[in-house]
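Hi,

Here is the structure we talked about, ready for you to open. Have a look at it first, and then read on for my notes.

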Amino acid sequence: MKKTICMIPLYVWTLVFILVPLAIVIYYAFISDPHGDASFSLDGFRDFFSNPVFAEVLLRSLKIAFISTLVCILLGYPAAYFLARSKSRFKFVVIILMLLPMWINFLIRTYSWLSLLEKTGLISTLLTYMGFGPVDFTGTEFAVILVSVYDFLPFMIMPIYITLLKLDQSHLDAAADLGANPAKVFFKITLPFSVPGILSGVAMVFVPSVTTFAISQTVGNGKFPLIGDLIQEQYMVVSNWQFGGAISIVTMAVVLLLMYFINRTDSDENGGGILQ
Amino acid sequence: MKKFFKSSYLVLIILFLYAPILVTAVYSFNSAKSRGVWEGFTFDWYKELLERDDIIEALSVTIVCALIAALVATIIGSMAAYGIGSKQKKGNSFILSLAYIPMLNADIVTGISLMLLFTIAGLELSFMTMVLSHITFCIPYVILSVLPKVRQLDWSLYDAARDLGCTPTRSFWKVIFPELLPGILTGFLLALTMSLDDFIISNFTTGSGANNLSTLIYTAKMGLKPEFRALSTVIFGIIFIILIIVNVVALKKQKNNKRGNEI
């Protein structure tokens, strides 16, 4: 009985602050002119699909997020692997060092990149000394991807690291005893074992990097509006709840669908790493 | 050789994670307004920072909001995890997937949906609405940390305590709670981290008069001003000092434990 009571605050909170707000977003996405006579309408969605510019923004967001996620896996996996296999006494310090930048706010970290990337920044200055002339990296897709990777990399490393910690050394020893070379041990045992961790990492990197805003506004000089910037603009600048809601719903549908297909390739026995 | 490669790889990743922060720190002592040219060493930007009351207020808003949000989220999340984990019921995985929505959903949608809720409910966007929003996205991280601990609980210990004459409440606090405590603390720390790191949800759910650091930097376009470098460096410094203290304390504890074991 008492255990049921324990869950009441969560029930209430979930209803009031998660379900009702989402219902409001969806409701207004289908309602024309919320201030006048509210009637059902699909205009928001029609506007989105009838103008190729918006599809282009969505595709660009997906592309940038896809590349960022891939780079995060390629950079983050070895780091997580080395950390998980390490017996060094500095291991704990390294893990804390990786999490620490998150205590320095996301926006501060993003803005800090300007010191390196802008025309008068460090990289450009060094390049000028070497005779390659000043180069302004801001306002390029490269900069947006670089900063996305930077912002979200710890979210990729940690779930993979936690999954790899659970890997039993005796399985690896057994495989080696049975004649598998190190590469085979890695691809046959370690990598499949870490798939749930990778999937958690993908969820934690891909979704925020599709829908982030501010990164493209700061280091991208606003030249590459992403879908998040578009949504923000609709709600905060033009106050169009219908169109904003339509973009949000389309984006969420695409992202959820992609995540669903990625997750389906996972075997059921391990489950999603996030949910463990 | 192999070990050297592994260590240098990790060092490179750490360098990557700190490069922009460190470069910004160096430039914070540069008297030139733009970053590229070095015109000499100065503390001017720090002096200017001290005179900005709005920044100091935003810093305290950030910290107070994170502490309240993490505390409330820890209480709600831990209670829920205890309820969900100690009973196998069909509805549990359903409520769990609903409760995890803010963690999996895009921050921008979470932020906007909460903004619409507050607007329709007639609440003015303020410090309070920001805290409520932070609690909302912190709860899943607490459940995530506490739930495994609940599932690992050995209920026979609880039964033993009851047999030995403890009341249910006393048995809970003496036997169950200490087992859950590491998970609860992890959850609190994770919630605190998420709240401190957040920009997107705060941006939508706070109003004028209640800026945290990130919304202040965003609305005042402060990221482009030289005081920003000083601010970034100060925050980095504070966090670094906290880290060193925590490490020293942990190290001392470890030594004491070892000594205890030897005896």
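Let me start with the contact between the chains: the side chains of Asp197(B) and Arg109(A) come together in a salt bridge, with 2.4 Å from N to O. One salt bridge is what the rule finds across the interface of chain B and chain A. Please keep in mind that this is a predicted model, so every value here is computed from the predicted atoms.

As for polar contacts, 13 residue pairs make them between chain B and chain A, counting pairs with both residues at pLDDT 80 or more. Where does the largest share of the side of chain B that touches chain A come from? That would be helix 1 (residues 2–27) of chain B, which supplies 15 residues. Sorted by class, that side of chain B has 59 nonpolar, 16 polar and five charged residues.

Now the interface as a whole. For chain B and chain A, the buried area is about 7,600 Å², and carbon and sulfur atoms give 79% of it. On the chain B side, Phe16(B), Leu17(B) and Asp197(B) lose the most area to chain A, together 8% of what that side buries. Asp197(B) is also the residue that pairs with Arg109(A) in the salt bridge. In residue terms, chain B brings 80 residues to the contact and chain A brings 77.

**Aromatic rings**

There are 39 aromatic pairs over all chains by the rule used here. One of the pairs is Tyr150(A) with Phe16(B): the ring centres are 5.5 Å apart and the planes stand at 90°, so this one is edge-to-face. Tyr150(A) sits in helix 8 (residues 141–165) of chain A while Phe16(B) sits in helix 1 of chain B, so the pair joins two chains. Are these two buried or exposed? Tyr150(A) has 1% relative accessibility and counts as buried; Phe16(B), at 18%, counts as buried too.

Then there is Phe152(A) with Phe155(A), a tilted pair at 6.5 Å centre to centre with 50° between the planes. These two are three residues apart in helix 8 of chain A, which puts about one helical turn between Phe152(A) and Phe155(A). Phe152(A) is buried, at a relative accessible area of 6%, and Phe155(A) counts as buried at 12%.

**Salt bridges elsewhere**

Over all chains, the search of the whole structure finds nine salt bridges. Asp43(A) and Arg46(A) are both in helix 2 (residues 43–50) of chain A, three residues apart, or about one turn of the helix. On accessibility, Arg46(A) is exposed at 52%, whereas Asp43(A) is partly exposed at 31% and Asp47(A) is partly exposed at 32%.

Over in chain B, Arg52(B) makes a salt bridge with Glu227(B), and their closest N and O atoms are 3.2 Å apart. Arg52(B) lies in the loop between helix 2 (44–51) and helix 3 (53–85) of chain B, and Glu227(B) lies in helix 12 (residues 226–262), so the pair ties together parts that are 175 residues apart in sequence. Both Arg52(B) and Glu227(B) are buried.

**Chain A, and one more arginine**

Chain A has 13 helices and two strands, and its C-alpha trace spans about 75 × 70 × 35 Å along the principal axes. Of its 276 residues, 51% count as buried. Among the contacts in chain A with a separation of 6 or more, 67% are between residues 24 or more positions apart.

Arg60(A) is in helix 3 (residues 52–85) of chain A and counts as buried, at 16% relative accessibility. Setting aside neighbours within four places in sequence, Arg60(A) is in contact with Glu141(A), Phe224(A), Pro225(A) and Leu226(A).

Cheers

How values were computed: Residues are numbered from 1 along each chain as its sequence is written. Chains are lettered from A and ligands numbered from 1 in the order in which they are written. Side-chain values use heavy atoms; hydrogens and water are left out. Contact means heavy atoms within 4.5 Å. Buried area is the accessible area (1.4 Å probe) that two parts lose on being put together, summed over both. A salt bridge is a side-chain nitrogen of Lys or Arg within 4 Å of a carboxyl oxygen of Asp or Glu. A polar contact is a pair of N or O atoms within 3.5 Å; within protein, one must be able to donate a hydrogen and the other to accept it, and residues adjacent in sequence count only if both atoms are side-chain atoms. Helices (H or I, at least four residues) and strands (E, at least two) are DSSP runs, numbered from the N terminus. Ala, Val, Leu, Ile, Met, Phe, Trp, Tyr, Cys and Pro count as nonpolar, Asp, Glu, Lys and Arg as charged, and the others, Gly among them, as polar. Rings of Phe, Tyr and Trp (its six-membered ring) pair if their centres lie within 6.5 Å; planes under 30 degrees apart count as stacked, over 60 as edge-to-face and the rest as tilted. Buried means under 20% relative accessible area, exposed over 50%, partly exposed in between (1.4 Å probe, protein chains only).
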